[in-house]
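Work through these exercises with the model open beside you. Try each task before reading its solution.

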Amino acid sequence: PILKNQLDGLKLKLNQQYNVNENFLQKIIIPIKGGYDIINIKDICVIKGEGNYCKFYFHNNSPKTYTARLSDIMSRISSKSIIRVTKSLIINVDCLISIKNNEINFLGTPKVVIKLGLLTIRRVKKAILWLDN
């Protein structure tokens with residue numbers, strides 16, 4: 001039999017482990033020459049894939065390019081606010097400011113503006129706003 005205080009201690013340890021894992025899932029680790037960059041997913045506005053490279057646009061820093069495939073990056077992100085719009089573009093819904101004509105504006109000190117085709121804009125609107133137009 002398990003005593004109540006042992007059960008409470010086990011529950012506390014599980015809660016601490018769950019919180020650590022939850023915080024870990026909100027970051028992505030990308031290898032760079034000589035180490036690793038740890039990126040908070042909330043800071044990412046847009047990720048553009050360009051072959052074996054990905055260009056990250058942040059709302060609080062200048063863009064950075066990493067050696068990684070977009071599919072590998074997407075498989076490491078578990079956030080529901082990050083969606084893949086096209087085969088070469090991932091956006092963070094939480095950083096979206098506006099969608100006008102063929103432009104999507106994101107948060108950022110250097111303002112991040114992405115120009116897309118009308119079909120892609122419709123796809124973004126459908127994913128974000130559940131609209132058909």
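**Exercise 1. Which order do the strands of the open sheet of 3 strands have, and with what pairing?**

Two notes before the solution. This is a predicted model, in which local features need pLDDT of at least 70 and side-chain atom pairs count only at pLDDT 80 or more, while totals for chains, interfaces and linings use all residues. Residues are numbered from 1 along each chain as its sequence is written, and side-chain values use heavy atoms, with hydrogens and water left out.

Solution. 
- Start with the elements: helices (H or I, at least four residues) and strands (E, at least two) are DSSP runs, numbered from the N terminus.
- Two strands pair if DSSP finds at least two bridges between them.
- The order is β8-β9-β10, and the pairing is antiparallel.
- β8 and β10 (112-115) are the edge strands; each has a single partner strand, so one side of each lacks a neighbour in the sheet.
- On average, neighbouring strands of this sheet are turned by 15° against each other, direction ignored.
- Axes here are lines fitted to C-alpha atoms, for helices over the stretch in contact, and angles run from 0 to 180 degrees between N-to-C directions.
- F106 stands opposite V112 in β10.
- Helix α3 packs on the sheet and touches β8 and β9. Its direction makes about 135° with that of β8.

**Exercise 2. Check the span of helix α3, then find which of its residues are buried.**

Solution. 
- The expected span is 1.5 Å times one less than the number of residues.
- Helix α3 has 12 residues (118-129), so it should span 16 Å. Its end C-alpha atoms lie 15 Å apart, which agrees.
- Buried means under 20% relative accessible area, exposed over 50%, partly exposed in between (1.4 Å probe, protein chains only).
- T120, I121, V124 and I128 are the buried residues of α3.
- They cover an arc of only 100° around the axis, so they sit on the same side of α3. The arc is that of the directions from the helix axis to the C-beta atoms.
- An α-helix has 3.6 residues a turn, so residues three or four places apart point the same way.
- L118, L119 and K126 are exposed on the other side of α3.
- The cover over the buried residues includes β6 (82-86), β7 (89-92), β8 (96-100) and β9 (103-106). Contact means heavy atoms within 4.5 Å.

**Exercise 3. Trace how β4 joins strands β3 and β5.**

Solution. 
- β3 (residues 44-50) and β4 (residues 53-58) run antiparallel, joined by 6 bridges.
- K48 stands opposite K55 in β4.
- The hairpin of β3 and β4 has 2 residues between the strands, and G51 takes a positive phi near 70° there.
- β4 also runs antiparallel to β5 (residues 64-67), with 4 bridges.
- F56 stands opposite K64 in β5.
- The hairpin of β4 and β5 has 5 residues between the strands.

**Exercise 4. How many aromatic pairs are there?**

Solution. 
- Rings of Phe, Tyr and Trp (its six-membered ring) pair if their centres lie within 6.5 Å; planes under 30 degrees apart count as stacked, over 60 as edge-to-face and the rest as tilted.
- The count comes to 2 aromatic pairs.
- The F56 and F58 rings have centres 6.1 Å apart and planes at 20°, so this pair is stacked.
- F56 and Y66 form an edge-to-face pair, 5.2 Å centre to centre with 90° between the planes.
- That pair links F56 in β4 to Y66 in β5, 10 residues apart.
- F56, F58 and Y66 form one aromatic cluster.
- F56 has a relative accessible area of 0%, so it is buried. F58 is buried too. Y66, at 5%, also counts as buried.
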